[in-house]
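Hi,

Here is the structure I said I would pass on.

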Amino acid sequence: MSEQFEPEIVAFVCTYCTYAGADLAGTSRLKYAPNVRIIRLPCTGRISPMFILKALQKGADGVLISGCHPGDCHFTHGNYHARRRWMVFRALLNFIGIPPERIKYSWISAAEGLKFADLINSITEDIRKLGPFEQYDKLIAETEAQASL
Amino acid sequence: MSKIGVFICHCGENIAAKVDCTRVAEVLGDHPGVGASVEYKYFCSDPGQESVKRAIRENNLTGVVVAACSPRMHEATFRKACAEAGLNPYMCEIANIREQCSWVHNDGEQATDKAIDIIRSMVEKVKRNNMLQPIEVPVTRRALVIGGGIAGIQAALDIANAGQEVVLVEREPSLGGHMAQLSETFPTLDCSQCIMTPRMVEASQHPKIRLLTYAEVEHVDGYIGNFKVKVRMKARYVNKDTCTGCGECITKCPQKKLSSEFDCGIGKRTAIYTPFAQAVPNKPVIDKDNCTYFKNGKCKVCVKSCPLDCIDFEMQDEFIDLEIGAIVVATGFQVQNNAVYGEYGYGKYADVINGLQFERLASASGPTSGKILRPSDGKEPENIVFIQCAGSRDPSKGVKYCSKICCMYTAKHAMLYAHKVHGGKSNIFYMDIRAAGKGYDEFTRRAIEEDEAGYVRGRVSKVWQENGKLMVRGADTLLGRPVEVAADMVVLATAMVPQPDAKDFAKVVGIGYDEYGFFNEAHLKLRPVESSTAGIYLAGACQSPKDIPDSVAQASASASKVLALFSKEKLEREPVIAVNNEATCAGCWGCVLACPYNAIEKKDILDRSGKVIKRVASVNPGLCQGCGTCVTFCRSNSIDLAGFTEKQIFAEVMGL
Amino acid sequence: MSIEQQYRTRAKELLSSGEVKMVIGYSKGSTPDRRRPAFISTPEDVETLVLDGACIANLSGYLVTEGLLSDEKRVAVFLRPEGIRAINILAAEFQLNAAQVEILGFNTEGNEPTALSGSKVDDFAELIGTLKGIIPDTAGEELYKKLEAMSPQERFDFWQSEFSKCIKCYACRQACPMCYCRRCIVDNNQPQWVNTSSHTLGNFEWNIVRAFHLSGRCVECGNCDRACPVNIPLRLINRKMAGEVLEAFDHFAGSSQTQEPVMASFKKDDTETFIL
């Protein structure tokens, strides 16, 4: 292979912690892989499992879900609800055959710019090693017509 | 058809050095639904904002995406600019291509590609934005202060002195709380009642304060600015409107041996009583459980003695409904029951008392008129042992936390004892002396150096009675040897704990509490006086152990929060709240359970005859904080979050 | 007296006395080994009721038929233990008032039905307690174990071949007592979260969403499995989810009518080993 595979990663993050952490990575001028696209939500509690499926349909090779550490949620409990959903959804995807290595979860606070940058780098590397999600890509190709907006 | 304006900011060189803004503008210009796509050096500058406004007007833009720094920087700036140009501010979104793109990537081409993705995704979102209106919540300008101790009185006075109405509810027959029980106060040793009672009188006579004593909050409904509160007025069996407080009934009451709550059991009271002489209001109540008439149906001595016919045995509890805009919770604390410390002999030996009981002994208005006398035989003790941390900092039997006030009041007790009983000897067993506070360390030094308080660093293991003395065995850990002291009296510096019914009360009011029952603040550091429920504030020791200055400070802080809320007729809030589609809602009410703010209510939809035809969830816009956890739970996709709707996020993902 | 006769007599009493307005049970089906639901509202008709080893469908879903219980009258229903658990869930999710449900409980050991004692849902609490963690019907157990042992890639291939058969008829949804929503998420086209055309990607999405929505709510009655016209082993996915919530949150769906829905609640110390 002459050119290395560049995975596409979609990140769904809460605005109060991880989004602010990503901003801090920027203001600290930390450098990380350009493969991630961030979607900002008010809280991890708002992150629906459907978002993950749509990101995959859009061709994402990996997905990151991230929010406030337990106990730090701006909305007090949103991340606790989210954690339960992820636990269950993760097992479901695994059983269906969507490898858990492609869907990552993290807690990143507004102060953890470095953790954010490091995580994006390591996730990009991990998913690069996994290669494209060919099985899903085939399904996407089968649908031909793009999903309507 | 959407006409979205895309404004790509160079941010000087901050963005433009990495992102090829011209290429970005070209690509986005060709994107369907984009009506204008322009770049500029600094869109946040005055001319930059003017150019955005001009573009909105000239192109009749239906939405705006500013590709620039983080929305946390300038979202408000550009939304305001949009509003000034006649566009609904919520039709403006920020695409973050600085903090999350140009600043974090080295490769210009990759950064440019990423910037295009970010902006395109945001354009797709804005196409589906709704013209939201800020939520206006009317504010009832009347505050409810729950608790008539020093914190509650301070909060009520501050609010009332600013011209707003206050309802002050106290469950005991009189205002005063624990502060009224104290003798002198540290670090100045001024008499507690001398500084407290004028405040009590001021609160009771203030034209803006409606005082409800012997009353309890039964039920709280509603939300910030619009609480509906039900208060139970407990039957006093004395008509307080006609009673003049002459006290004839109290003098005549044959039941004289009841244990006085105010005097912590070391004084006595009658069945018809006021808790203490300076009570406000100074009008008695009848203790139904101990009144001879209520028990035997015979007596009525008080009825005969009353010159104004104020006694009414038929009186019932009454309920008052209040409309309230903001609530200050100042329900105070209790002292831990020391009976758990069997080794200290509390409850077994009459002369082992707690700190609050010592306050009553030392108080000029107390049962001994301020003389330090042993409860057992009324003799003046020649030697007192004080045991600090009797409950505090003891995870095994007491509580894990430090009660904060005991080091200070024990030093004060030792001083008062030295002043009142010349030649009296005090020994204080302590773990640490925590005297942080203005004038506090100086105060404890004074106790040691001038009043010869004998501090012994170590714990007490046992107290027992021998030859009319209380033998106290402990360890002096500094000298590394056991100590035995023969004392006439032992005073335990008991832990401060929440009111026994604090957790139930928290549920009634709708606020959070910690493992002990202290009420939770919204943020320990940055929002220490707000509860997690909007419009409900905390003051005093109901939140955590506090001394008088801290309680007063927090009460004034709460009052300022209330006054800020009352400064406008309407409260304006971001319209990012959940909205439920009642037509498709299945009424499973999982969202009701999941909501961290109790903002979702169960609602019955009735037909004309009043029959329930459907049961659904209903979001209270006053309480909803917009986290969206309900949306994710909703299986039928009925509930949605304004500003982050399912449609918007779907489009953002599919627009990547 | 056979249990069939015993329950016919009981049904007759309930209807004659007016204690219930309807009995939902089983009657003869189109073939000797199939049973169809019977909705009996007159005492004379109880003779058509059948109770034997072929009575396996979970009838609890009929109770949430719109308007059936809105007159506050009571209805009797034949239920196996899974069906009784389903009543608990429906009550916990405020879809019915359990006091309106008279349970004619039975189990089938081998081919013979046996009666379960009790008539109100709470009468069966002890029985349900003993069932915690036990798979009600081990059909497909071998395949389940095989799937568990596979790599994700192999599982993907397996489900791809299964889901490629799906025709999006939504019979699984129709048959499930827990799918009571007036509008299903797939029926929402603004936005269209799930591709409705029956290509395999859309089928994946539909079956993932279905299983997610049933997590912590499925009683493994097998109605979906039996309803599927193309024989996708749907219950295996639900079994996986039931095992997951039991292991992670100690949640056994339908334990009581006051049980908190597992996906709408949380504990601060919930497991989180997978979060970076």
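Below is what I found in chain C, going from the overall fold to the strands.

Keep in mind that this is a predicted model. Chain C has nine helices and five strands. Going along the sequence, the order is α-β-β-β-α-β-β-α-α-α-α-α-α-α.

On overall dimensions, the C-alpha atoms of chain C fill a box of roughly 60 × 45 × 40 Å along the principal axes. The radius of gyration is 19 Å, which agrees with the value near 19 Å that a compact globule of 276 residues would have. Of those 276 residues, 45% count as buried. As for contacts in chain C with a separation of 6 or more, 65% of them are between residues 24 or more positions apart.

Now the strands. β3(C), residues 75–79, pairs with β4(C), residues 101–109, in the parallel sense, with five bridges between them. Between β3(C) and β4(C) the chain passes through helix α2 of chain C (residues 81–92), making a right-handed β-α-β crossover.

β4(C) also pairs with β5(C), residues 112–115; this pair runs antiparallel and has four bridges. Here C:T108 is opposite C:P113 in β5(C).

Cheers

How values were computed. Residues numbered from 1 in each chain as written. Chains lettered and ligands numbered in written order. Predicted model: local features only at pLDDT ≥ 70, side-chain atom pairs only at ≥ 80, totals over all residues. Helix = DSSP H or I, 4+ residues; strand = E, 2+ residues; numbered from the N terminus. Rg over C-alpha atoms; globule rule 2.2 N^0.38 Å. Buried ≥ 20, exposed ≤ 12 C-beta atoms within 10 Å, placed from the backbone. Contact = placed C-beta atoms within 7 Å. Pairing = 2+ DSSP bridges. Right-handed = clockwise from strand over helix to strand, strands pointing away.
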